[in-house]
Amino acid sequence: MGKGPGLYTEIGKKARDLLYKDYQTDQKFTLTTSSPTGVAITSTGTKKGDLFLADVNTQLKSRNVTTDIKVDTSSNLFTTITVDEPAPGLKAIFGFRVPDQRSGKIELQYLHEYAGISSSIGLTANPIVNFSGVLGTNVLALGTDISFDTKTGNFTKCNAGFSFTNADLIASLALNEKGDSVNASYYHIVNPSTNTAVGAEVTHSFSTNVNTITVGTQHALDPLTTIKARVNNAGKASALIQHEWRPKSLFTISGEVDTKSIDKSPKVGLALALKP
């Protein structure tokens with residue numbers, strides 16, 4: 001376990017990664033190259049039905065400053081500058097998108113042994129202000145995540161969460177959407193040597209009285225090959241197999257079937273990530 005409670009985004013993250021990470025029904029290709037000078041270029045192409053999306057990201061590192069510049073097929077230019085530890089425990093992030101002149105944002109993150117804080121503000125005349133904070137330890141943590149629109153004077157987001165962590169399990173409970181929904185998740189390591197784990201997530205919406213339940217598992221067939229599976233109460237069942245055929249180069253194939261509509265064709269996704 002890490003030191004300190006971490007940021008609010010880490011509450012329930014292990015369960016979310018187990019249940020949703022690497023699952024896809026598209027075709028995706030990623031190629032990353034790097035130079036001895038610290039410049040890394042990542043090209044990504046994704047085919048979604050008849051639509052093809054691509055982007056190129058260039059990352060430059062100089063001491064504690066990392067600059068990411070990404071261009072996509074819609075002619076958008078995204079720039080993010082990250083300064084790591086200008087002071088102990090502090091991280092500063094500045095980002096903007098061209099041609100959107102109102103997309104500029106500054107974010108500060110601070111990690112402490114008993115706290116994790118993140119705050120951001122948009123660089124506009126009437127910005128949206130975001131704040132999240134977590135208090136506790138690496139075992140027990142309680143946090144909140146809020147956003148305030150200075151133009152309307154309204155809170156656009158108000159969430160709160162709690163997590164409990166020990167050596168082999170993580171449980172979390174979160175109240176989201178201004179109290180309209182509650183989310184509970186559970187992640188349990190069954191066998192560390194084979195990376196075998198199980199997880200579950202339950203979400204209840206008070207306004208619609210709808211429950212969403214997802215359960216899943218993962219298991220390493222060998223040190224380079226992992227399989228995952230999940231199913232939800234809507235009858236959607238998914239599975240994937242991921243193989244690291246060379247260091248940091250991954251091949252993933254995943255599929256999804258609707259068990260309530262067997263006549264429908266299953267969805268299949270492929271992902272290839274190359275890092276020479």
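Q: Before we start, what does contact mean?
A: Contact means heavy atoms within 4.5 Å.

Q: Which residues is Ala141 in contact with, leaving aside its neighbours within four places in sequence?
A: With those neighbours left aside, Ala141 touches Pro5, Val134, Leu135, Gly136, Gly161, Phe162 and Ser163.

Q: What kind of model is this?
A: It is a predicted model, in which local features need pLDDT of at least 70 and side-chain atom pairs count only at pLDDT 80 or more, while totals for chains, interfaces and linings use all residues. Residues are numbered from 1 along each chain as its sequence is written, and side-chain values use heavy atoms, with hydrogens and water left out.

Q: Which residues make up the largest nonpolar core?
A: Ala141 belongs to it, together with Tyr8, Ile11, Val134 and Ala174. A nonpolar core is a set of buried Ala, Val, Leu, Ile, Met, Phe, Trp, Tyr and Cys residues joined through side-chain atoms within 4.5 Å. Buried means under 20% relative accessible area, exposed over 50%, and partly exposed in between (1.4 Å probe, protein chains only).

Q: How many residues of the chain count as buried, as a percentage?
A: Of its 276 residues, 31% count as buried.

Q: Which way does E1 run relative to E19, parallel or antiparallel?
A: E1 (residues 27-34) and E19 (residues 267-274) run parallel and are joined by five bridges. Two strands pair if DSSP finds at least two bridges between them. Leu31 stands opposite Leu274 in E19.

Q: And how does E1 pair with E2?
A: E1 and E2 (residues 39-48) pair in the antiparallel sense over eight bridges, and Phe29 stands opposite Gly45. Four residues lie between the strands of this hairpin, where Gly38 takes a positive phi near 95°.

Q: What about E13 and E14?
A: E13 (residues 181-191) and E14 (residues 196-205) run antiparallel, joined by 10 bridges. Tyr186 stands opposite Ala200 in E14. These strands form a hairpin with four residues between them, and Asn195 in the turn has a positive phi of about 55°.

Q: Where does E14 lead in the next hairpin?
A: E14 and E15 form a hairpin, again with four residues between them. E15 (residues 210-222) pairs with E14 in the antiparallel sense over nine bridges, and Thr214 in E15 is the bridge partner of Glu201.

Key:
Helix = DSSP H or I, 4+ residues; strand = E, 2+ residues; numbered from the N terminus.
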